[in-house]
Structures are given as C-alpha cells and as structure tokens.
Amino acid sequence: MMQDDQVIVCEKLTKRFGDFVATDEITFEVHKGEIFGFLGANGAGKTTAMRMLCGLSAPTSGKATIAGFDVYTQTEQIKKNIGYMSQKFSLYENLTVLENIEFFGGIYGLSDQQIKDKTNELLDRLGLKSEAKKLVASLPLGWKQKLSFSVAVLHEPKIVFLDEPTGGVDPVTRRQFWDLIYEAANRGITVFVTTHYMDEAEYCNRISIMVDGKMEVLDTPANLKSQFGVRSMDEVFYQLARSAKRGD
Amino acid sequence: MRTLRFLLRKEFRQIFRDKAIVSLIFFMPMVQLILMPLAADYEVRNINLAVVDHDKSSYSQKLISKVVASGYFRLAGYNQSFKEAFGLIESDEADLILEIPQDFERNLIREDKQKLFVAVNAINGTKANLGGAYLGSIIADFNAGIRMQLVRPPKFSTFPVIEVVASNWFNPVLNYKVFIVPGILAILVTMVGGFLSALNIVREKEIGTIEQINVTPIKKHIFILGKLIPFWVLANIVFTIGLILARFVYGIVPVGSLLVLYLFIAIYLLTVLGFGLLVSTFCDTQQQAMFIMFFFMMLFILLGGLFTSIDSMPDWAKVITRFNPVRYMIEVMRMVILKGSGLMDVLPHLGIVSLMAVVLNGWAILNYKKTN
Amino acid sequence: MKQFIAFVRKEFYHVLRDRRTLLILFGMPIAQILIFGFALTNEVKDSEILVVDYARDNASQELITEISASRYFNIRQAALSYQEILSAFRAGKIRAVVVFPANFNADLLHQNKAQVQIIADATDINTANMITNYLSSIIMDYQNRVNENLNMPYRIIPETRMLYNPQLKGAHGFVPGVMALVLLLVSVMMTAISIVREKETGTMEVLLVSPFKPVLVIFAKAFPYLLLSLVNVAAILFLSVFVLDLPVKGSLPLLFAESTLFIITCLALGIFISIKTDSQQIAMLISLMGMLLPTMMFSGFLFPIENMPYPLQILSNIVPSKWFYIIVKSIMIKGLGLNAIWKETAILAGMTLFLLAISLKSFKIRLQ
C-alpha cells in the first residue's frame with residue numbers, strides 16, 4: 001500500500017496524556033522532496049505530533065512509518081534517517097561552531113574526511129568562516145538558527161523536522177533560512193516544518209492545519225485559499241483557528 | 001566506538017572550557033585535604049578542669065598538682081564552691097570538676113577510705129569518657145603513692161597486679177593524620193565524581209540539548225559511557241594529586257601496592273559515577289539532582305565509618321552500611337595504605353563494589369529514555 | 001507591601017511545585033536526626049576480638065569469660081603466630097588481639113605481677129582507643145575483685161557524675177550539631193541556587209525591570225526558605241523530644257528566635273554567593289563541596305575546636321554554624337538563657353549585617 005515516494009505515512013496517530021488528547025487520530029502522508037507545512041495555533045498538538053514522528057515520544061494508538069520504519073518498534077532506525085531542529089535552540093552554547101559540527105557529524109557516523117568536507121561547505125554557504133572558532137553562545141540568534149538547520153541536515157537525512165525554526169528571527173534572515181530549506185529540498189530531503197508565519201506557509205508545497213488536536217485541512221496553499229474563498233493564508237488560518245476551543 | 005570518541009571529545013571540551021569549574025574541581029579538594037586533617041583531631045588533651053578544694057590539706061594540694069602535671073589537664077579555675085565551678089561548665093570554660101571534700105586527708109588516714117567527687121560535662125561523649133578515665137587513673141596512681149608511704153613495703157607487695165601492655169599496630173604513635181587523611185581523600189574523590197556526574201545529564205535536559213541527542217541514532221550505553229569516562233579520568237587525577245599531597249604534606253606512604261589501590265579506585269569510581277548518572281536520569285532540574293545527591297552524600301559520609309566507627313553502630317545501621325560504597329572505599333584505603341593489605345584481602349570489597357557498579361550503571365542506561 | 005506579598009507567593013508556588021526537592025528538604029533533616037540519634041554512638045559494640053591464650057590456666061580463663069560476657073566484644077580464640085595475626089589484621093577481620101602469656105596465673109600468684117598484651121588496629125584510632133580502654137577496665141575490675149578479699153587500706157573512691165547526659169548518649173552532642181549543619185547547608189544552597197537559576201534562565205532581568213525594588217526581589221526569593229527552614233527546626237525538635245528523648249531544657253521561644261536569626265544569616269550567605277556567581281553549577285559546587293566538610297568539621301560537634309592548630313581555631317570563627325551550635329547546646333541541653341549566649345547571638349547578627357551589606361553593595365554595582 002505504501003508508494004515508493006511516500007516517506008511519512010500516518011494513520012489515525014493519537015497521543016493521550018491522561019484524559020487530554022493532544023493529537024487526535026491524524027492521518028496524512030508526505031512525499032519525498034516535499035516541503036510540508038504543519039500549522040496550527042499554540043497548543044493545537046503540532047509539537048506532540050512531531051515528537052512522535054521523530055521517535056522522541058511513543059504514540060498512544062494509530063500507525064505511522066517514517067522512511068519505511070515503524071514509530072513503535074524501529075525508533076532507532078528512524079533516527080538514522082531524520083534530522084531534527086527543536087523549538088528550543090539546542091546546539092551546545094559552550095562549544096565553538098566547528099566543535100558542534102564535528103560532534104554531530106561524528107554522532108551520525110560521518111567519516112573524518114566527510115566531516116571536513118561538510119564543514120567547509122557549510123561554513124562557506126553560511127558565510128561563517130570567520131566565526132568558526134567562536135563559541136556558539138556568542139553568535140546572533142539568526143546565525144544560530146541557520147547553523148542549527150545546517151547541522152540537522154549534515155548527514156543528508158531523508159527527512160528533516162523543523163519545529164518553529166524561525167521564531168524570533170528578522171525577516172531578512174528568515175528569507176535566507178528559507179533559501180536553505182529550498183536547497184535541501186532540491187537535494188531530495190523532505191522538509192517537515194511547523195510555523196506561525198503565514199508568509200512562510202505560502203512557501204510550502206502542501207500545508208495542513210491542526211485545530212484542537214485534529215487535522216482539519218490538508219492541501220496546497222492555492223487550493224486552500226480558493227476552497228475558503230479568501231485571498232491569503234492568514235484568512236484561512238483565522239477562520240479555522242476561530243473555531244478552536246483550546247488556547248494556550 | 002567512533003561515536004564514543006566524538007562524545008568524549010565534546011565532554012572534555014565542555015568541562016575544560018569552564019575555567020571556574022575546573023579550578024573548583026581541583027583546587028577545592030586540595031585545599032580541604034590540606035586543611036581538614038589539621039582540624040580532625042580527636043585526641044583529648046587540654047581538658048579544662050575546675051577544682052573545688054574544701055580540704056586545702058597537703059594531700060589535696062599534692063593531688064591537684066599531680067593532675068595538672070600530667071599534661072592532660074589545664075586548670076580552668078580554682079573555685080570555692082561546686083556552684084561556682086558549675087558556672088564554668090555552663091560557659092564551656094571547664095569540662096570537668098574535681099571536688100575534694102572537707103577532711104579528705106584526715107578521713108583517708110583515719111577511716112581507711114575516702115570519697116572524691118568528679119563531675120563531667122557529658123554532652124560530648126568521647127571527651128567525657130576519656131577525660132573521666134584519665135582523671136581516674138591519675139587518682140588511682142596518687143592513691144598507690146599514698147599507700148606506699150603509709151604502709152610498709154613488704155605488706156604492699158602482696159597485692160597482685162595485672163599489667164596491661166597495650167600496643168597499637170599500623171599507627172603506633174596514634175597519629176590522627178594517618179587515620180584521617182586516607183578517609184578524607186576517599187570522601188573528596190567521591191564528592192567530585194558524584195556531584196559532577198549527577199549534574200551532567202540533567203544539565204543537558206535543562207538546557208534542551210538532550211533533545212538533539214535523543215533524535216540521533218546514538219546507542220544508550222555509548223552515551224552513558226561518554227558521560228562516565230571524562231569524570232572517571234578527572235576523579236582519578238584528583239585522587240592521584242591527593243596521594244601525592246598525602247605523601248609530601250603528611251608523609252603518608254602507602255604500605256601496600258599502588259596497583260591494588262588503583263584497581264580498586266577504578267571500579268569504585270564507576271560505582272560512584274554510575275550512581276550520579278542514575279540520579280541525573282531521574283531528575284528534571286539541576287537543583288533536584290543536587291539535593292538528591294546531597295542527601296545520599298550525607299548518608300554515605302556519616303555512615304562511612306570515618307567519623308564514627310561502624311563497629312559502634314546498631315545492627316540496622318550496620319545493614320545500611322553494607323549498601324554504602326563509601327564505606328568500602330574508606331576501608332580499602334586504610335587497609336592498603338596503612339596496613340599493606342594485598343589483593344586477596346580486598347577481594348571481597350572489590351567484588352561488592354563491582355556488583356554495585358554493574359547494577360547502578362545498568363540501571364542508569366535503562367532509565368535513560370530516548371523515547372518517552 | 002502588597003507587591004512583596006505577591007512576589008513571595010510566586011516563590012512559594014515555585015518551591016511547593018517541585019515535590020522531589022521538597023521531599024528531600026524535609027526528609028533529609030529527619031533521616032539525619034534518626035541516624036545521628038541512633039546510629040552514631042561513641043561506644044563500640046560487638047567488636048571482633050581475637051584472644052590468644054598461651055596460659056590456659058584459671059586466671060586467663062576467668063578473664064576471657066569476663067571479656068566475652070561484655071556486650072562490647074565478640075571473641076574468637078586461636079593460637080596464631082605473629083604472621084597470622086598480621087594477616088588477620090590486613091584482611092580486616094579483627095579489631096584487636098588480647099594475648100595471655102604462658103604462666104599467667106603462676107606469675108600473678110607468685111610474683112604478684114603478670115602481663116596481658118593488647119594489640120589494637122590503630123588505623124581507626126577511635127575504635128582502637130575505645131577497645132583498649134574497655135579491655136583495660138575489664139581487666140582492672142577483675143583485679144580489683146581479686147584484691148577485694150585482701151582488703152586494701154587507704155582507698156580513695158572517686159565518685160563520677162555525668163552532667164547533662166548521664167547515659168552518655170550520642171544524641172546530646174549531635175542534635176544541635178545536625179541542626180546547625182542542615183539548616184546552614186539547606187538555606188545557603190536553596191537561596192543561592194534559586195537566585196542564580198533566575199539569572200541563568202533570564203527571568204531575573206524581567207524581575208529587575210519591574211517597578212519593584214531589586215533588593216526586595218532578592219528578599220522575596222529568600223523568604224519562603226526562611227519559613228521552610230523554620231518548619232524544619234520544628235520537625236527536628238519534635239523528633240528529638242519525642243523520638244530521641246532529648247527534651248528542650250531552656251526556653252522554646254528563645255530557641256526559635258535564635259534559629260530564625262541563624263537561618264537569616266545563612267540566607268544572607270546564600271544571597272552573597274548568588275550575587276557573586278553566574279552559573280548554577282558553580283553556586284552548587286561552592287555551597288556543597290566547598291561547605292559540607294568544613295561545616296561538619298568546624299562546627300565543633302565532631303571535633304573539639306580547642307584541639308585544632310591556632311590558625312584553624314581562628315578560621316573556625318567565620319563558620320556561622322559554630323556559633324549556632326554553641327547557642328543550641330546552651331539552650332537545649334544546658335537550659336541557659338539569653339544572658340549566657342548574648343555574645344554568640346551578637347556575632348551571628350553581625351555576620352548577617354555584614355553579608356547583607358556587601359551583597360547589596362555588589363548588587364547595586366551590577367545593576368549600574
């Protein structure tokens with residue numbers, strides 16, 4: 001039943017914390033090389049769903065496979081095939097840029113030569129050459145985020161999960177960040193991204209919007225706009241989010 | 001294994017980047033190792049004695065000067081009444097009161113026996129016991145002297161005397177430094193290892209970097225090993241510096257084999273670090289980890305046999321000490337450093353500590369969950 | 001004032017929410033009181049003693065029976081060589097050896113003098129001393145009993161009274177000690193960590209820009225720990241009175257007042273540390289590794305301060321728990337009043353003012 005280019009397949013995936021249903025029977029699939037936008041108001045259940053897909057959190061019920069591996073039994077294989085950038089900045093602040101790249105490269109099993117090549121390539125692309133030996137703590141937030149993304153795709157994963165990657169970043173840097181995302185997608189990396197910025201939603205191939213733990217809509221930005229008869233994603237989101245009972 | 005190399009490199013970098021922590025790790029134990037043994041002196045001397053002499057006879061004067069001349073006592077007061085002397089006890093200026101009743105000399109000669117009153121401030125049990133005992137033996141000595149004078153020698157010699165010859169092995173002059181230094185070194189090494197390892201994983205949790213590790217395909221035991229080894233190395237360095245200090249500051253040269261000592265410390269450290277990491281996996285904040293570690297450290301140290309002997313504990317407490325790694329460490333330190341015990345002698349200790357190391361580290365690996 | 005209460009309430013929420021820390025906070029003093037009260041005593045019990053009896057006569061047998069009848073010792077008899085005794089010590093199986101030479105009884109009867117040898121393992125000096133003392137006194141008692149019949153002339157009989165602690169229980173020295181130790185460490189550590197934590201997470205900035213005096217922010221953070229520590233004092237006293245049978249002889253309100261003063265001293269120390277450091281780890285290492293052993297040793301309840309080298313005696317004066325230990329001992333056990341401890345009280349108060357003054361000063365500099 002799984003087609004060749006489906007890298008994420010979810011069927012009625014559910015997570016309960018006691019009585020609270022954080023993620024309620026979500027069903028969707030994501031294709032290879034796709035940029036998949038995962039939207040929803042605060043508390044709609046985005047991060048929980050994403051953590052399940054990354055193997056950080058065990059689902060309560062439902063089915064899901066990531067790159068062909070089961071989220072219940074094959075979490076470690078999943079981890080070999082994905083990259084992850086969490087909401088909270090999570091590179092080591094008290095290591096230098098180089099040291100962070102080297103560390104994560106090593107953890108993902110890259111060879112010394114690969115690490116060296118990747119490092120040069122990455123520093124070039126980000127224009128971070130002169131900052132390579134500085135502590136990450138001393139970098140501005142925008143650079144940290146770009147570095148963090150580059151480290152997450154360092155090992156050329158099949159899928160990269162980005163949890164609100166551009167929070168608190170200026171518009172110019174956000175634009176640069178999305179250039180990085182496009183580059184990765186062009187290399188065949190599937191991008192699964194959550195965001196609160198509706199202009200960013202427009203950049204996605206397809207978007208889904210979650211409301212109260214359920215996935216309400218799933219389509220291309222253009223189709224969604226015409227379906228709701230509005231001109232911008234902002235309005236689509238606003239109409240859906242207004243019906244939400246859970247807030248933050 | 002390759003992964004481990006990267007983990008270790010990262011951990012060492014992080015530790016040595018924070019200069020304040022590094023200097024604390026090395027400097028604090030060293031200062032304590034030099035200062036603490038100077039303070040840890042149980043030897044009872046300079047016991048402050050208040051004398052109440054109601055007799056003021058030549059005998060009472062002789063007794064008092066004999067007591068003072070013994071070197072154990074310092075005359076804190078020469079009082080008119082017991083009440084006055086008791087005031088000295090209340091203000092901690094005196095530890096003991098010797099009260100000589102009126103007609104002490106006359107009664108001793110006339111009635112063949114006479115009482116003396118001794119009152120001891122017994123809040124500090126050890127001092128009370130020993131002070132009382134010293135005073136008792138001086139009085140007995142004085143008594144024998146009086147008897148010598150009053151009774152003709154032939155008659156006296158008919159009393160059989162058992163002479164007790166006491167000797168103290170391994171530390172013949174009862175040097176407290178020798179007794180306390182190995183124990184303090186054991187505790188310091190335990191604290192360095194225990195606290196640092198307990199804080200480590202939980203710190204990554206608090207900062208959030210643990211998430212980034214958890215989405216990597218890293219093996220759990222490799223991760224724990226990567227956390228364990230740096231602190232193991234650090235603690236070994238602290239231990240070695242400690243041995244060197246003990247040698248040059250206190251002149252303590254291990255009688256037994258250094259190899260046995262290092263073999264034991266190698267495994268012992270795995271136990272301590274495993275315990276720290278286990279605590280770390282259970283906690284959400286560094287504050288929690290610190291408190292839990294603090295709690296156990298206290299128990300370990302107090303029930304470790306350094307400050308009070310395990311022999312003197314009730315049975316239930318003795319049972320607890322069997323689960324206390326610090327106890328084994330202190331015992332082995334004393335055995336190997338002071339008595340020259342060999343591998344065969346410490347084998348039981350080694351066995352127990354190894355078992356603890358396996359259990360604690362295994363538990364830490366199981367309890368560290370990449371998926372929850 | 002209303003703002004202050006709001007702040008204090010927030011701090012209370014923080015503290016009360018963290019169940020694990022709270023459990024340790026109250027569990028620790030209780031466990032320690034029980035351990036100190038029951039487990040740590042100054043006497044040996046069931047020490048393993050080896051008896052080597054070369055005499056095998058009446059006198060030696062009688063003495064061995066006496067020794068084994070005492071609850072202090074578990075005895076084993078064996079004829080071992082010097083080498084064998086040495087290896088028994090090395091394996092840690094025995095604490096002491098008692099040797100009766102051949103002809104013990106004969107020497108005693110005919111020469112009026114016989115020897116007993118006691119060899120103790122002095123790697124643990126306290127135990128060695130106690131065992132030697134106990135054994136000697138058992139032997140002396142035996143000798144005196146033998147001599148009783150002979151009726152010694154001119155006997156001086158010392159009558160010894162143990163003041164305050166007739167049964168020589170360990171708890172008398174330890175309870176005040178534990179109070180001093182636990183209160184100090186808990187209060188210092190809690191305040192230091194919780195303030196530094198806010199600095200680390202950046203929430204301190206938020207508090208400092210609020211229209212609330214920065215100094216009050218610090219006080220509000222320390223306040224809940226004052227109350228918690230007072231609850232701890234109450235728990236320790238309750239246990240010592242009802243479980244350890246150690247009543248409070250002096251005035252209870254005075255004891256609580258002095259405890260409050262001491263806790264404030266500790267909180268001031270914690271505040272001082274927190275202002276001088278920037279990371280939780282360093283604050284913890286200083287307040288734990290740096291303070292645990294020194295407070296234990298310099299409070300005076302484990303080791304007599306007057307035995308220390310003079311420079312260390314002076315050094316011990318800066319340890320607040322030393323003064324509090326004297327205060328608690330005086331009130332609880334000796335039943336004395338304020339007039340006996342005004343000096344110690346004044347010293348603690350002085351320390352508190354000093355710590356607060358320098359903390360506030362460096363705090364202000366930081367703010368500029």
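Chain C is divided by the domain assignment into domain 1 (47-163) and domain 2 (170-367), the bounds coming from an automatic or database domain assignment. Between the C-alpha centres of domain 1 and domain 2 of chain C the separation is 47 Å.

Please bear in mind that this is a predicted model, in which local features need pLDDT of at least 70, side-chain atom pairs count only at pLDDT 80 or more, and totals for chains, interfaces and linings use all residues. Residues are numbered from 1 along each chain as its sequence is written, while chains are lettered from A and ligands numbered from 1 in the order in which they are written.

Let me turn to the sheet. What is the order of its strands? It is an open sheet of 5 strands, β5(B)-β4(C)-β3(C)-β1(C)-β2(C), with mixed pairing. Strands here (E, at least two residues) and helices (H or I, at least four) are DSSP runs numbered from the N terminus, and two strands pair if DSSP finds at least two bridges between them. β5 of chain B and β2 (73-77) of chain C are at the edges, each with a single partner strand, so one side of each has no neighbour in the sheet. From one strand to the next, the twist averages 25°.

Strand β5 (residues 161-169) of chain B runs parallel to strand β4 (residues 113-121) of chain C, and 9 bridges join them. Within that pairing, S167(B) has I119(C) as its bridge partner. On the chain C side, strand β3 (residues 96-100) pairs with β4(C) in the antiparallel sense over 4 bridges, with A96(C) opposite A120(C).

Two helices of chain C lie across these strands. Helix α3 (residues 58-69) lies across β1 (47-53), β2 and β3 of chain C, at about 145° to β2(C). Helix α5 (residues 104-111) of chain C lies across β5 of chain B and β3 and β4 of chain C, at about 135° to β4(C). Axes are lines fitted to C-alpha atoms, for helices over the stretch in contact, and angles run from 0 to 180 degrees between N-to-C directions.

Finally, the contacts between chains. 94 residues of chain C are in contact with 94 residues of chain B, contact requiring C-beta atoms, placed from the backbone, within 7 Å. Helix α6 (residues 125-148) of chain C gives the most to the side of chain C that touches chain B, with 11 residues. For chains A and B, 23 residues of chain A are in contact with 20 residues of chain B.
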